Number of protein chains: 4
Amino acid sequence: MTVSGPLTAERVFESGARLAAESAKLAGLGWMRGTSGNLSEVVCRDPLRLAVTASGLDKGELSASDVAVVGPAGEAAHVRGVAPLTPSAEAGLHARVADLTGAGAVVHVHALNAVIAGDRWPKGVRLRDVEMLKGIGRLAHDDEVVIPVIRNSQDMADLGDRLEAAHDPRTPAVIVASHGLYAWGADLVRARHVTECVEWLLAYALAVG
Amino acid sequence: MTVSGPLTAERVFESGARLAAESAKLAGLGWMRGTSGNLSEVVCRDPLRLAVTASGLDKGELSASDVAVVGPAGEAAHVRGVAPLTPSAEAGLHARVADLTGAGAVVHVHALNAVIAGDRWPKGVRLRDVEMLKGIGRLAHDDEVVIPVIRNSQDMADLGDRLEAAHDPRTPAVIVASHGLYAWGADLVRARHVTECVEWLLAYALAVG
Amino acid sequence: MTVSGPLTAERVFESGARLAAESAKLAGLGWMRGTSGNLSEVVCRDPLRLAVTASGLDKGELSASDVAVVGPAGEAAHVRGVAPLTPSAEAGLHARVADLTGAGAVVHVHALNAVIAGDRWPKGVRLRDVEMLKGIGRLAHDDEVVIPVIRNSQDMADLGDRLEAAHDPRTPAVIVASHGLYAWGADLVRARHVTECVEWLLAYALAVG
Amino acid sequence: MTVSGPLTAERVFESGARLAAESAKLAGLGWMRGTSGNLSEVVCRDPLRLAVTASGLDKGELSASDVAVVGPAGEAAHVRGVAPLTPSAEAGLHARVADLTGAGAVVHVHALNAVIAGDRWPKGVRLRDVEMLKGIGRLAHDDEVVIPVIRNSQDMADLGDRLEAAHDPRTPAVIVASHGLYAWGADLVRARHVTECVEWLLAYALAVG
């Protein structure tokens with residue numbers, strides 16, 4: 001994936017195709033009910049531009065053109081040849097995560113276990129000594145991991161501040177209480193894999209905790 | 001979707017194709033076991049006519065012609081070129097919902113979590129401060145939502161009266177205790193999305209409640 | 001489906017195709033792990049002959065020729081043009097059910113909820129006032145239904161005697177404790193629908209019981 | 001499957017195709033989240049050589065060439081015409097299992113129920129008098145079965161020693177605590193079937209235990 005050079009419609013739609021493919025997999029796991037959740041990919045670093053799944057659509061049935069381009073605050077960014085679809089309101093948080101962490105892709109899903117875990121452990125979900133932690137870049141032994149939990153808000157700047165304050169650079173995921181999960185990675189496939197591993201870890205924590 | 005002009009067989013079968021497609025998705029989620037559940041779409045407003053999935057068929061394997069047309073009381077309505085299949089007995093309740101709420105489509109599923117929630121909270125399921133409430137048209141914060149629960153009956157007029165008495169115009173869903181869930185929306189896709197979001201909310205309520 | 005006239009290989013393989021199709025659906029629900037479970041269809045009434053899924057195969061991947069023909073005691077019955085595959089050891093119980101109840105098809109699955117329910121209620125699972133009971137031919141109101149539970153055995157004659165003693169002609173299903181579920185119907189699709197509805201009812205009973 | 005004669009690239013890729021097919025089925029069951037888990041098949045007995053799924057890939061989307069060849073200690077083994085992909089670090093344990101048990105194929109998955117059961121019963125999971133035990137080669141009655149549980153380690157030699165010390169030749173599976181499940185069989189399909197049956201048995205034990 002190229003993130004430098006001119007941002008063309010072709011590159012945006014290539015990104016849209018990847019967003020649609022990964023989105024369909026996550027929707028198939030039941031984590032994007034209704035039209036909930038959204039995925040993004042950084043398509044330009046300077047200035048920061050993300051391709052984000054368009055708002056209000058069924059995340060299991062997106063096509064390559066169901067994509068919007070946003071800038072650092074989640075505002076729509078014009079790209080010649082790309083129809084200006086409405087980005088998700090949460091696009092601003094995606095951009096914030098990409099800026100803060102250097103991630104190349106961000107996944108946001110309404111995974112039920114994330115919301116239940118956020119309710120049970122509002123100060124963060126502690127995990128330790130589980131092999132699956134390697135799937136999110138941590139160690140399987142003697143590594144105290146906390147998945148941060150932040151309070152929900154409809155103001156993406158507030159939510160971004162909370163995420164920035166709570167986030168641990170070693171842990172590529174944050175739970176938004178009463179809402180869902182954000183997870184990220186170097187690219188979209190990696191971000192989906194992190195999402196899958198975090199959800200497994202939360203299911204495990206809920207079962208044994 | 002056109003709901004005025006002459007009600008032709010072509011329009012009924014177009015509706016049948018949409019009913020089959022959405023029905024297959026809901027069946028795939030496990031909410032239409034056996035031949036349970038039914039979906040409908042308003043195909044004419046004046047007089048009120050609904051296309052409803054035909055009775056006794058596997059809801060995961062419908063085709064466009066597995067459709068019946070009914071009037072306001074769920075009675076079969078003749079359309080030239082449409083074979084008179086038996087509508088579901090529950091078609092009368094679909095029509096009542098469409099008339100009462102102005103919805104363009106109604107979904108009825110035997111989602112297990114709806115029946116369990118109806119058992120646990122026979123006076124209605126209270127929900128508040130959850131992001132997923134936006135998926136059913138309510139607010140994520142400071143909005144007290146109650147999914148009504150009504151007693152079951154085999155008499156669709158009784159059931160309709162109970163639904164009318166219990167229903168909140170702001171909340172597009174009602175649980176029928178010991179039975180299942182009714183949900184609705186402007187069109188079939190929206191009604192399916194509402195169904196998915198309500199089921200998620202009920203699963204959440206059962207897990208944390 | 002014809003059950004009179006000469007029993008030809010063609011009719012056996014037509015039955016095999018139906019067995020494979022329904023088996024794949026039940027396997028997809030997770031009720032036929034490993035090579036567990038088996039399905040059968042009556043292909044001749046006099047003398048009694050059943051087409052049964054062949055033993056030791058993956059029930060999600062059968063083809064039309066993965067079928068054996070058995071007589072009243074589950075013994076292999078020769079049909080010209082049909083290779084003598086090993087029938088499941090449980091074929092004798094299928095034949096007994098078909099003889100006892102007049103069912104045209106029998107499904108046996110290792111559904112986890114059936115085994116858990118058999119453990120919890122070894123004298124039978126009581127159900128009453130649930131709409132889904134209509135899916136197994138009973139009433140939604142004021143109808144006391146008991147899904148019988150019988151002790152497991154490796155002797156199909158013993159198991160058949162227990163099933164005959166416990167079974168209620170109005171209820172097309174029996175749980176074999178520590179083992180799984182038998183369900184039946186007029187044809188294979190109906191037998192699968194009954195299986196789905198019984199499993200839903202058992203999941204419900206376990207959740208609210 | 002041939003395990004003697006010259007080990008050609010063709011045989012390795014045939015094995016890779018089988019590994020990809022079975023891996024996709026297990027991933028579809030949710031037991032290989034992220035890039036977790038790995039499958040192997042013995043492709044030569046003397047010297048011992050296993051074809052193993054390559055590391056770091058999505059186990060639901062492997063192709064026939066996503067395969068590595070390893071020797072008895074999990075070290076990469078050169079085969080002309082096969083690109084030297086990185087085998088999973090756990091390949092050494094696969095080889096140890098194949099050597100110890102004579103199995104022709106080994107499956108390792110991160111099935112949640114295995115990890116939960118390992119937490120609940122760190123000295124082994126006792127099972128008895130369940131029909132599904134026949135699916136792992138044991139008896140349905142009067143046969144005391146223990147699925148061993150061993151402590152996790154990142155050192156495959158240590159893990160292999162623990163597995164060798166704990167393993168019961170009659171039971172083709174071992175739980176690695178805080179990690180996942182190893183299961184094996186004469187070939188890959190059998191190893192997958194054993195995996196499915198063990199997971200069912202663990203789900204059952206957790207539900208009734």
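**Relation of the copies**

I superposed chain B on chain A in this predicted model, and a rotation of 90 degrees with 0.0 Å of shift along its axis does it, at an RMSD of 0.0 Å. That is the relation of a four-fold axis. I then took chain A on chain D, where a rotation of 90 degrees, a shift of 0.0 Å along the axis and an RMSD of 0.0 Å came out.

**Conventions**

I number residues from 1 along each chain as its sequence is written, with chains lettered from A and ligands numbered from 1 in the order in which they are written. For a predicted model, local features need pLDDT of at least 70 and side-chain atom pairs count only at pLDDT 80 or more, while totals for chains, interfaces and linings use all residues; side-chain values use heavy atoms, with hydrogens and water left out.

**Chains that do not touch**

I looked up chain A against chain C and found no contact (heavy atoms within 4.5 Å); their nearest C-alpha atoms are 15 Å apart. Chain B and chain D are likewise not joined by any contact, and their closest C-alpha atoms lie 15 Å apart.

**Interface of chain B and chain A**

I find 18 residues from chain B and 18 residues from chain A in this contact. The two chains bury about 1500 Å² between them, 57% of it on carbon and sulfur atoms. Buried area here is the accessible area (1.4 Å probe) that two parts lose on being put together, summed over both.

Glu61(A) forms a salt bridge with Lys25(B), the closest N and O atoms being 2.5 Å apart. Helix H5 (residues 188–208) of chain B gives the largest share of the side that touches chain A, nine residues. Helices are DSSP runs (H or I, at least four residues), numbered from the N terminus.

**Interface of chain A and chain D**

I repeated the search here: 18 residues of chain A are in contact with 18 residues of chain D. The buried area is about 1500 Å², of which carbon and sulfur atoms give 57%. Glu131(A), Trp200(A) and Tyr204(A) supply 37% of the area that chain A buries against chain D, more than any other three residues.

The count of salt bridges between these chains is two. Asp58(D) and Arg192(A) meet through their side chains in a salt bridge (2.6 Å, N to O). On the side of chain A that touches chain D, helix H5 (residues 188–208) of chain A gives the most, with nine residues.

**Aromatic pairs**

I searched the whole structure and found four aromatic pairs over all chains. Trp200(C) and Tyr204(C) form a stacked pair, 5.7 Å centre to centre with 20 degrees between the planes. Rings of Phe, Tyr and Trp (its six-membered ring) pair if their centres lie within 6.5 Å; planes under 30 degrees apart count as stacked, over 60 as edge-to-face and the rest as tilted. Trp200(C) and Tyr204(C) are separated by about one helical turn, because they are four residues apart in helix H5 (residues 188–208) of chain C.

Technical notes. Salt bridge = Lys/Arg side-chain N within 4 Å of Asp/Glu carboxyl O. Helix = DSSP H or I, 4+ residues; strand = E, 2+ residues; numbered from the N terminus. Least-squares fit on C-alpha atoms with pLDDT ≥ 70 in both.
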